[in-house]
Amino acid sequence: MTQPIVEAEDIVQTFSNGVRALNGVSLSFEPGIIYGLLGPNGAGKTTLIRVLTTLLRPDSGSARVAGVDVLANPAAARERIGLAGQYAAVDEYQTGRENIIMVGRLYNLSSREARSRADEILERIHLTDAANRPVKTYSGGMRRRLDLAASVVGRPQVLFLDEPTTGIDPRSRQDLWELITDLVDDGTTLLLTTQYLEEADRLATRIGVIDEGDLIAEGTPNELKDRIGGDVIELHLANDQLATAAAALATMAGEEPKIDLMRHSVTIPAPQAARTLVEAVRQLDQSGLDIHDVALRRPTLDDVFLTLTGHRAETTPAPAPSERGRRGRRRRADRS
Amino acid sequence: MTTVTLTQTAHHIGVITKRNLLRNIRLPQLVLFATVQPVMFLLLFNYVFGGSIGGSLGDVGGGDYINYLLPGILIQTVVFGATQTSLGLTEDLAGGVIDRFRSLPMARSAVLAGRTLADLVRSSFVTVLMVVVGYLIGFRAQDGLVKLALALVIGLLFGYAMSWVMATIGLLAKTPEAAQAAGFLPIFPLVFASSVFVPTSSMPSWLATFAENQPVSVIANALRGLILGDPYMAFVDTTLTTLILQSLAWIIGIIVVFFPLAVRMYRRAVS
């Protein structure tokens, strides 16, 4: 087996206000992959990144990144990592090119090396045209790209991206995803945090699910989906009918149906796909319940999260049932 | 154990200083307003108070209020300018820039050192400009240019020391808005209850006691001693050497106390 490139063991971090951000988190993964750390706001994702990138000293635990003990030798660790935080940490009053050159100079590159490295990176992130404009004229997506560029100046072995696409428009998000995938093709190992299930599913080779300071599950996207079995049926009803519907479906489902008040839905496994669907609809019809919408689908990571934690991963409200897609089979609701 | 060498540290401080200074060049409004404000103070005080105070100065600065006022305004300028240190630091903290710097293999001290040095360079520029404006409206150094230059150096060193005070306050306050407000709390009594604008002799005795012994007056008096010469020494009844030694003691004392405090606050603010 390959030596893990990131290895965290039993990291505990309590803040001065008493909040326990990390509850003894351990994780490790091999080089060359994208590891997706998935969890809602406040789950501890950023805290874990800050520990692994030497910004924060944990109360206890140990961490190795690229073969270096992060706590014992943070300076050496910093030579091997890159970080793009939650905010695009670029300088408004410098041009894109000057920003990258500055970071290169801080990596102890000579002025000439820093300039040629900047040109090379700017071309890779398709910012050559805007390179000599001050960053304050950049769009949100361009800033993120520049920030990403700054994080790879030192040719890091491990790149940490903290919510790289939070708060940017869907088109720029697509661009960033392509850039991020490019980087791994280069051999860089990536750890990215996200609260978007779609993002983790799309980019990550392996996913760690984090909630309230605990790593509660780990695996490939498919492994995680398999945890809750095959296809599921989601039935949408008025909220005051959900409990009755769940009771009506309990026997045929063979397990407790999952109620989601926010999405006005009740979900059950569908071992026989369409046949289970017909049966479920018949059951509810016989109970005199009014079904607004019904869907048969592959479980999403959202389902995984609900199964593991009892609550949803995303904090954004789900669209009303009437706006939801009516395709029978879909991989996920479009909520990005 | 990987460590950053001294040469690298100096290089990193240089890069950060340049970065901080660039902002002043790219956003010329910053320097403009930082210059217009003290110039406005200089003109206002000179023409509003000059007539009534000038007479009480005797032969100090040839009896011209502008000669008394300018050294004071220089001190006010460097002290107000020091608030830029807290502003710049808190803005960088809020924008995530400091996290980026701290994840790079660069000297940890470069962020604070680069910030205070950039503010020193900026203050130097504004200070020299103030002297030029002063010359245009009648100010004359009474005791030669060498002593004038020495006076500027002492004033700027004091501004540099105050940068560390402001860094501490800013890092305590955490946000730029709070830092700005908190920074002026100590500044107003120090600058106004002092000999910066008027001689302390006309103040009530309790206030005069404070005003005569606080650092801003001591530094202002040292500058006047250097710029106005013997008549001023007679006016405040002390020697130039005493004033310069007192000034250096204050500057060193402030740095000795606030440099480690700022470093501690910085460590706390970033973790």
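In this predicted model, B:Ser86 touches B:Met166, B:Gly170 and B:Ala179, leaving aside residues up to four places away in sequence. So where does B:Ser86 sit along chain B? The residue belongs to helix 3 of chain B, which covers residues 65–95. Is B:Ser86 buried or exposed? With a relative accessible area of 1%, B:Ser86 falls under the 20% cut-off, so it counts as buried.

Reading from the N terminus, the elements go α-α-α-α-α-α-α-α-α-α-α. How compact is that chain? Its radius of gyration is 19 Å, close to the 18 Å that the globule rule gives for 271 residues, so chain B is as compact as a globular protein of that length.

| Property of chain B | Value |
|---|---|
| Box filled by the C-alpha atoms, along the principal axes | roughly 65 × 35 × 35 Å |
| Share of the 271 residues that count as buried | 54% |
| Accessible surface | about 11,500 Å² |
| Share of that surface on carbon and sulfur atoms | 70% |

On the contact side, take the pairs in chain B with a separation of 6 or more: 77% of those contacts are between residues 24 or more positions apart.

Now for chain A, where there is a sheet to talk about. What is the strand order in this open sheet of chain A? The 4 strands are arranged as 2-1-4-5, and the pairing is antiparallel. At the edges are strand 2 (20–29) and strand 5 (68–69) of chain A, each of which pairs on one side only. As background, strands of a sheet pair through backbone hydrogen bonds, in either a parallel or an antiparallel way.

Strand 1 of chain A, residues 6–14, is joined to strand 2 of chain A by 7 bridges in the antiparallel sense. To pick out a residue pair, A:Glu7 has A:Ser28 in strand 2 of chain A as its bridge partner. A helix packs on this sheet too: helix 1 of chain A (residues 45–52) touches strand 1, strand 2 and strand 4 (60–65) of chain A. The direction of helix 1 makes about 60° with that of strand 2 of chain A.

Methods
Residues numbered from 1 in each chain as written. Chains lettered and ligands numbered in written order. Predicted model: local features only at pLDDT ≥ 70, side-chain atom pairs only at ≥ 80, totals over all residues. Heavy atoms only, no water. Pairing = 2+ DSSP bridges. Helix = DSSP H or I, 4+ residues; strand = E, 2+ residues; numbered from the N terminus. Contact = heavy atoms within 4.5 Å. Axes fitted to C-alpha atoms, helices over the stretch in contact; angles between N-to-C directions. Rg over C-alpha atoms; globule rule 2.2 N^0.38 Å. Buried < 20%, exposed > 50% of the residue type's maximum accessible area, 1.4 Å probe, protein only. Areas by Shrake-Rupley, 256 points an atom, 1.4 Å probe, with all protein chains shown as cover.
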